[in-house]
Amino acid sequence: MNDATPTDRLYRIAREGLCIGCGLCEAVAGPDNVKVVKTLTGYERPVVVGTLDHATVDRIYDVCPGTRIDGMPEREIDSSTRMDDVWGPWHRMVRAHAADPEIRFEGSTGGVLTALGSYLLSSRRVSFIYHARASGEEPTFGEAHLSFSHADVVAGAGSRYGPTAILARLDEALAYDEPFAFIGKPCDIAALRNQARHDGRIDRLVRYWLALVCGGFAPPESTKDFLERVEIEPAAITAFRYRGRGCPGPIRIETGDRVTEAHYIDLWGVEESKWTLPWRCKICPDGIGDSADLAASDTWIGGSPNRIDSETDPGTNAVVARTARGAELLESAARDGAITIEYDIMPDEMSVYQPHQMHKKYQAGPRLQGLADAGYMVPSTRGLRLAELASQLPDATTAAEREGTSHRVREGRAAEPDPSPARGMLEAVSRR
Ligand SMILES: Cc1cc2nc3c(=O)[nH]c(=O)nc-3n(C[C@H](O)[C@H](O)[C@H](O)COP(=O)(O)OP(=O)(O)OC[C@H]3O[C@@H](n4cnc5c(N)ncnc54)[C@H](O)[C@@H]3O)c2cc1C
Ligand code: SF4
Ligand code: SF4
């Protein structure tokens with residue numbers, strides 16, 4: 001490994017299944033040197049297009065959410081912070097939804113994140129929202145978007161279950177030198193927190209760190225299989241919506257004038273244990289937004305919707321306000337009529353809605369040890385309570401998780417080829 005070139009070291013993150021395609025390494029190395037593009041695997045991965053030195057790769061290793069995931073910065077924990085082993089730091093947990101019925105309808109769940117984004121703009125707390133919307137180039141993917149108006153924020157509502165290199169536009173967002181709120185997956189928040197240690201503008205400008213609770217995104221091969229089942233040619237898709245317009249709302253696929261709709265369950269399946277996920281998501285030590293000011297999730301008991309109830313479900317989020325800032329935002333937004341709080345909940349209720357998150361939080365420590373056993377890189381983690389949680393598992397379960405992971409790695413199930421761009425992708429990204 002000592003003789004590895006900078007490119008080989010960067011590609012190792014993807015080769016060992018740790019890249020999530022967040023786009024941050026493009027922002028760190030500069031787009032003339034590294035571009036995060038769709039590759040032959042169907043995922044977005046970093047491709048070296050210019051020069052790369054070891055110092056830049058050292059920096060990428062220090063900020064990449066594949067190699068480093070930290071919990072809440074110490075300075076954000078105060079005397080009112082409560083700590084739950086599974087659910088992490090929190091000030092307040094509630095069931096809530098957007099007060100505006102249109103936002104609630106458009107939102108992925110109850111529209112809380114969109115309502116908060118809109119509220120942050122109208123109350124002039126921030127100048128824009130840095131989040132994601134459906135990609136123009138690849139309709140099943142998401143892409144970064146900076147929203148300066150209510151209409152723009154609402155246009156970004158909904159979950160993007162395809163690859164979404166949200167951090168590739170970080171430099172552009174920071175260059176405005178205006179306060180903004182960031183909405184992203186927990187790994188995106190972790191990456192931005194990592195980068196904040198190197199770029200002082202981030203803590204000055206990112207006023208609110210908002211996360212969606214995340215069990216993982218859909219691997220491109222699952223989306224391809226799903227499209228085959230509904231008999232749609234990927235190249236014919238002009239627009240794709242995974243969720244929203246109800247809870248979860250239909251999957252809506254447009255191919256020119258034709259619209260096809262399917263149910264969330266048709267993509268994901270009913271049983272959470274059978275979800276097909278990218279490798280990095282299977283070993284994810286933080287799907288709950290441990291370092292966000294506030295994290296929003298679904299409230300389906302058992303973690304999945306059922307077809308009948310979901311036809312009439314208007315959508316209600318569970319919301320974890322983790323910092324004083326997150327709690328203040330939640331309470332002001334409720335007071336000023338942007339969101340409606342139903343009632344307060346406790347961590348045990350979160351686990352009823354999110355059993356898969358609870359299980360993964362317990363299992364993450366042994367799974368990461370399994371990577372090490374198989375000789376793979378292990379992401380460094382801090383402040384995520386992984387050792388405490390693993391120590392509460394029966395020894396046999398810990399051993400099974402650890403051995404199961406190392407066995408899968410040895411079988412090659414974590415491995416990816418070196419990133420190689422899919423046709424036309426570098427040109428497409430040059431235009432963005
Ligand atoms: C990959 C993925 C996995 C998820 N897994 C779970 C889970 O295990 N449990 C659970 O309870 N909920 C999960 N969700 C979250 C859930 O679908 C809702 O997003 C969440 O409840 C917030 O709902 P909302 O109505 O407030 O969101 P909305 O008001 O619809 O706002 C969603 C916000 O998230 C942003 N966003 C959407 N997709 C992405 C993306 N891929 N990357 C970055 N930003 C994005 C949008 O730009 C928007 O600002 C997942 C979402 C995604 C994208
Ligand atoms: S996870 Fe993000 S920073 Fe890390 S290699 Fe992948 S795209 Fe780059
Ligand atoms: S499961 Fe973890 S790694 Fe996967 S997309 Fe969600 S937060 Fe990122």
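Of the 14 residues around ligand 2, the nearest are C19, C22, L24, C25 and C64. The shell around ligand 2 holds 11 nonpolar residues, three polar ones and no charged ones. Keep in mind that this is a predicted model.

Ligand 1 comes next. It is surrounded by 37 residues, and G107, T114, G215, S297 and D298 are the closest. The elements that give two or more residues to this shell are α5, β7 (128-134), β9 (180-184) and β14. Among these, α5 gives the most, with four residues. The shell around ligand 1 has 12 nonpolar, 19 polar and six charged residues.

Step back to the whole chain. The protein is divided into domain 1 (6-70 + 361-430) and domain 2 (78-219 + 271-357). Their centres, taken over C-alpha atoms, are separated by 22 Å. Where the domains meet, 37 residues of domain 1 are in contact with 28 residues of domain 2. On the domain 1 side, the elements that give two or more residues are α2 (24-29), β1 (34-38), α3 (54-63), β3 (68-70), α16 (355-373) and α17 (386-391). Of these, α16 gives the most, with five residues. The residues on this side of domain 1 divide into 20 nonpolar, six polar and 11 charged.

Of its 11 residues, 10 are buried, so α8 is largely enclosed by the rest of the structure. The buried residues are P186, C187, D188, I189, A190, A191, L192, R193, N194 and Q195. Their cover includes α2, α3, β3, β9, α9 (200-205) and β10.

Helix α14 (residues 324-335) is another one to follow. It has 12 residues and reaches 16 Å from its first C-alpha to its last, close to the 16 Å expected at 1.5 Å a residue. Which residues of α14 are buried? They are G326, A327, L329, L330 and A333. These residues cover an arc of only 160 degrees around the axis, which puts them on the same side of α14. Their cover includes β6 (92-98), α5 (112-122), β10 (206-212), β14 (294-297), β15 (317-321) and β16 (339-344). Just after α14, G337 takes a positive phi of about 85 degrees.

One is D177, with a phi of about 55 degrees. D177 is found in the loop between α7 (170-175) and β9. Is D177 buried or exposed? D177 is exposed, with 10 other C-beta atoms within 10 Å. Another case is R385, with a positive phi of about 65 degrees. R385 sits in the loop between β17 (380-382) and α17. With 21 C-beta neighbours inside 10 Å, R385 counts as buried.

Finish at strand β11 (residues 239-241), which contains F240. F240 is buried, with 23 other C-beta atoms within 10 Å. Leaving aside its neighbours within four places in sequence, F240 is in contact with A134, P139, T140 and I253. F240 and S135 are 105 residues apart in sequence, yet 9.1 Å apart in space, C-alpha to C-alpha. The loop between β11 and β12 (251-255) holds P248. A cis peptide bond joins C247 and P248, with omega at about 5 degrees.

How values were computed. Residues are numbered from 1 along each chain as its sequence is written. Chains are lettered from A and ligands numbered from 1 in the order in which they are written. This is a predicted model: local features need pLDDT of at least 70, side-chain atom pairs count only at pLDDT 80 or more; totals for chains, interfaces and linings use all residues. A residue is near a molecule or strand if its C-beta atom, placed from the backbone, lies within 6 Å of it. Ala, Val, Leu, Ile, Met, Phe, Trp, Tyr, Cys and Pro count as nonpolar, Asp, Glu, Lys and Arg as charged, and the others, Gly among them, as polar. The expected span of a helix is 1.5 Å times one less than its number of residues. A residue is buried if 20 or more other C-beta atoms lie within 10 Å of its own, exposed if 12 or fewer, and partly exposed in between; C-beta atoms are placed from the backbone. The arc is that of the directions from the helix axis to the C-beta atoms. Two residues are in contact if their C-beta atoms, placed from the backbone, lie within 7 Å. Domain bounds come from an automatic or database domain assignment.
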